[in-house]
Amino acid sequence: MESNKKITIIGAGISGLIAAIELEKLGFNPIVIEATDRVGGRVKTDIVDEFQLDHGFQVLLEAYPKAKKYLNYKTLELQKLIPGAVIYKNRETTLIGDPLRDFSLLVPTILANVGSIKDKLAIFKLNLELKNKSLEAIFDSEQVSTLQYLRDKGFSERIIKNFFKPFFSDIFLETDLRTSSAMFQFTYKMFGEGLAVIPKDGIQAIPNQLKSQLTKTVFRFNTRVKTVEEGCIVLEDDSVITSDIIVIATDASKILGLEKPVVWKSCDNLYFEVEQNTLKKPIIGLLANNDSLINNIFYTTSVANNNKSKGHLLSVTIVKSHNLGETNLISQVKSELKNNCGIIAGRFVKRYRIKKALPDLERVDYKGNEDNFKFSETIYLAGDTQLNGSLNAAMTSGEAVAKLIAERFK
Ligand SMILES: Cc1cc2nc3c(=O)[nH]c(=O)nc-3n(C[C@H](O)[C@H](O)[C@H](O)COP(=O)(O)OP(=O)(O)OC[C@H]3O[C@@H](n4cnc5c(N)ncnc54)[C@H](O)[C@@H]3O)c2cc1C
């Protein structure tokens, strides 16, 4: 291995960090150029007014194969969410969930009127089918929209509207369920095989732990790359860095001047201080009314955390597009919380408007091949944009790029 070769990774998100970990294992000393002041990319946590705020509500699915490989779950002190959801509709509250994993959800799930007996049977069949289907087979099968897939599986419009739409709008960050059926089956299977968890220190603990595995990588933070050509990186201040290999671990369309830019899905995430936690337990709340702007809520203080503040904090996610200014948005959200969920939101703490939250991909891949990751002999592409919008995919892409580079220098 020609480990003296200079390898530069652009982007210190999850994919860039995994690429660096794998390249170090191969004997390289990578350089990471990152536009912001720290690692994590889309996986960041801020401390605001003594509260820990994640940049957008996100969870780690314990069952992700690459997360199991690269993360030490114990030291992350993962906090478990209840495998279910509380659905708010027409001022009524319904608790649904997986009774096999949380017995307290058994009776409410049987009584829940979000779907019919036929729907419950269809869920049972889907669980069984996906349990026996490998992740590779899921991504190899025909891809249609999630909505089409659910209809083909015999689910009623009622359960689609009352459960699948609000639940998967939060995951796909779009409200029409037009995202590929492979992505639906993948996330559904992952939810079925492990819990959704959040590290005690916030989601940023994930990239921080990955960074702590690096001993030879050099980071250049607060440095933005403008363009990349073979062997040459131009920074925003027009200075030039040469490199034998360049890994672009972020949306490469602008950097490479590609004709077809990546299309992104966006979301809004608002945090409010609240007097009490109306749900008591760590469970996601979904708003199923057609006219509600809010998609989901979660009391971030319902799991162990390192907040210095003793108050309760509510995270509110909005997926639907809107043109409201911040003041109007806050008052609309407060009024929806009160009218639909009976929650009196107190002090507004912060808003994250995330324009590039998830790549909007027509077709998604699980592992991909050289075509997904190799742009030229010296330029490689990593990131969830190359496979599918998930932490698992970001990790897979970083690993795959390092493997291709290793093959090149063997
Ligand atoms: C609100 C939200 C909720 C999500 N929920 C989940 C979830 O529950 N489960 C899940 O699995 N996934 C979730 N995701 C997706 C997951 O966070 C991403 O798939 C993953 O973090 C992508 O990592 P990445 O390395 O591909 O890209 P990024 O995290 O985007 O990293 C790219 C890095 O490159 C840097 N960069 C960009 N341009 C330049 C430049 N010109 N020069 C230098 N540096 C540059 C950026 O600053 C960034 O640090 C969610 C994402 C969001 C935003």
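User: Happy to start with the ligand: how many residues surround the ligand, and which are the closest?
Analyst: Keep in mind that this is a predicted model. The closest residues to the ligand are Ser15, Glu34, Arg42, Tyr64 and Asp384. Together with the others, the residues that surround the ligand number 35.

User: What is the make-up of that shell by class, and how many of its residues are charged?
Analyst: Good one to ask! The shell around the ligand has 18 nonpolar residues and 13 polar ones. The charged residues in the shell number four.

User: Which residue has a backbone N or O atom 2.9 Å from an oxygen atom of the ligand?
Analyst: Let's go through the contacts to ligand oxygen atoms. Glutamine 58 uses an N or O atom of its side chain, 3.0 Å from a ligand oxygen. Serine 390 has a backbone N or O atom at 3.3 Å from a ligand oxygen. The backbone N or O atom at 2.9 Å belongs to leucine 391.

User: How much of the ligand's accessible area does the protein cover?
Analyst: On its own, the ligand has 1000 Å² of accessible area. Of this, the protein covers 90%.

User: Between which domains does the ligand lie?
Analyst: The domain assignment also lists domain 3 (115-194). The shell around the ligand takes residues from both domain 1 (7-43 + 204-262 + 370-409) and domain 2 (45-104 + 195-201 + 264-358), so the ligand lies between domain 1 and domain 2.

User: How far apart are the C-alpha centres of domain 1 and domain 3?
Analyst: Domain 3 covers residues 115-194, while domain 1 is made of three segments, 7-43 + 204-262 + 370-409. Their C-alpha centres lie apart by 32 Å.

User: What is the nearest cysteine sulfur to that of cysteine 341, and how far away is it?
Analyst: A disulfide needs two cysteine sulfur atoms within 2.5 Å, and the count here comes to zero disulfides. Cysteine 341 is accordingly in no disulfide. Its nearest cysteine sulfur is that of cysteine 267, at 18 Å.

User: Is methionine 190 buried or exposed?
Analyst: Methionine 190 lies in helix 9 (residues 181-193). Buried means under 20% relative accessible area. The relative accessibility of methionine 190 is 1%, so methionine 190 counts as buried.

Conventions. Residues are numbered from 1 along each chain as its sequence is written. This is a predicted model: local features need pLDDT of at least 70, side-chain atom pairs count only at pLDDT 80 or more; totals for chains, interfaces and linings use all residues. Side-chain values use heavy atoms; hydrogens and water are left out. A residue is near a molecule or strand if one of its heavy atoms lies within 4 Å of it. A polar contact is a pair of N or O atoms within 3.5 Å; within protein, one must be able to donate a hydrogen and the other to accept it, and residues adjacent in sequence count only if both atoms are side-chain atoms. Accessible areas come from the Shrake-Rupley method with a 1.4 Å probe; for residues, only the protein chains shown count as cover. Ala, Val, Leu, Ile, Met, Phe, Trp, Tyr, Cys and Pro count as nonpolar, Asp, Glu, Lys and Arg as charged, and the others, Gly among them, as polar. Domain bounds come from an automatic or database domain assignment. Helices (H or I, at least four residues) and strands (E, at least two) are DSSP runs, numbered from the N terminus. Buried means under 20% relative accessible area, exposed over 50%, partly exposed in between (1.4 Å probe, protein chains only).
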